[in-house]
Amino acid sequence: MQWFIHVLKQYATFSGRARRAEYWWFVLFYLVALVALTVVDRALGFWSADAGMGLLTGLYILGTLLPYLAVTTRRLHDRDKSGWWQLLNFVPLIGPLVLLVWMVRAGDTGSNSYGPDPKA
């Protein structure tokens with residue numbers, strides 16, 4: 001949970017680097033909260049089949065969009081890649097797979113063009 005709060009404190013910080021732990025713990029808590037809000041939306045009758053989400057889920061996604069993009073950018077920076085590589089998500093099948101591999105692999109050791117090693 002500390003990683004989720006840590007990322008939210010850096011709400012729109014796109015500079016610097018993020019360790020794998022920071023990124024993956026944020027993603028885990030993001031998804032757990034998303035599932036929980038989906039259940040609450042369905043229970044309260046806020047779910048819209050046409051939109052594919054409910055009111056609370058939609059507000060949560062909007063509220064956490066910038067932190068999600070920021071931590072993903074910082075994670076890419078840890079691999080010495082620009083945050084613009086997130087646009088690969090729009091390339092069917094191959095793009096998200098490439099990004100997944102980059103997110104799973106360890107970051108660069110030592111400093112790179114985006115800053116010092118976050119593990120140091």
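Reader: Let's start with the largest pocket: which residues line it?

Author: In this predicted model, the lining of the largest pocket is made up of F14, L69, T73, H77, S82, G83, W84, Q86, L87, N89 and F90.

Reader: How do the residues of that lining divide into nonpolar, polar and charged?

Author: There are 5 nonpolar and 6 polar residues in the lining, and no charged ones. As for its volume, the largest pocket comes to about 210 Å³.

Reader: Now the fold. What pattern does the protein follow along the sequence?

Author: Happy to walk through it! Reading along the sequence gives α-α-β-β-α-α, with 4 helices and 2 strands in the protein. The C-alpha atoms fill a box of roughly 50 × 35 × 20 Å along the principal axes.

Reader: And the largest nonpolar core: which residues touch the most other members?

Author: The general idea first: in soluble globular proteins, nonpolar side chains tend to be buried together. Here, the largest nonpolar core has 15 residues, and F26, Y30 and V71 touch the most other members. At least two residues of this core come from each of α1 (2-9), α2 (20-44), α3 (55-78) and α4 (94-104). The largest share, 5 residues, is supplied by α2.

Reader: What is V71 in contact with, leaving aside its neighbours within four places in sequence?

Author: V71 has contacts with V7, A18, E22, Y23 and F26.

Reader: Good. What share of the residues in the protein is buried?

Author: Of the 120 residues, 32% are buried. The accessible surface is about 7300 Å², and carbon and sulfur atoms account for 70% of that surface.

Conventions. Residues are numbered from 1 along each chain as its sequence is written. This is a predicted model: local features need pLDDT of at least 70, side-chain atom pairs count only at pLDDT 80 or more; totals for chains, interfaces and linings use all residues. Side-chain values use heavy atoms; hydrogens and water are left out. On a 1 Å grid over the protein atoms alone, a cavity is a set of points where a 1.4 Å probe fits but cannot get out, and a pocket is an open set with protein on both sides within 12 Å along at least five of seven lines; lining residues have an atom within 4 Å of a point. Grid points are joined across faces, edges and corners, and a volume is the space filled by probe spheres set on the points. Ala, Val, Leu, Ile, Met, Phe, Trp, Tyr, Cys and Pro count as nonpolar, Asp, Glu, Lys and Arg as charged, and the others, Gly among them, as polar. Buried means under 20% relative accessible area, exposed over 50%, partly exposed in between (1.4 Å probe, protein chains only). Accessible areas come from the Shrake-Rupley method with a 1.4 Å probe; for residues, only the protein chains shown count as cover. A nonpolar core is a set of buried Ala, Val, Leu, Ile, Met, Phe, Trp, Tyr and Cys residues joined through side-chain atoms within 4.5 Å. Contact means heavy atoms within 4.5 Å.
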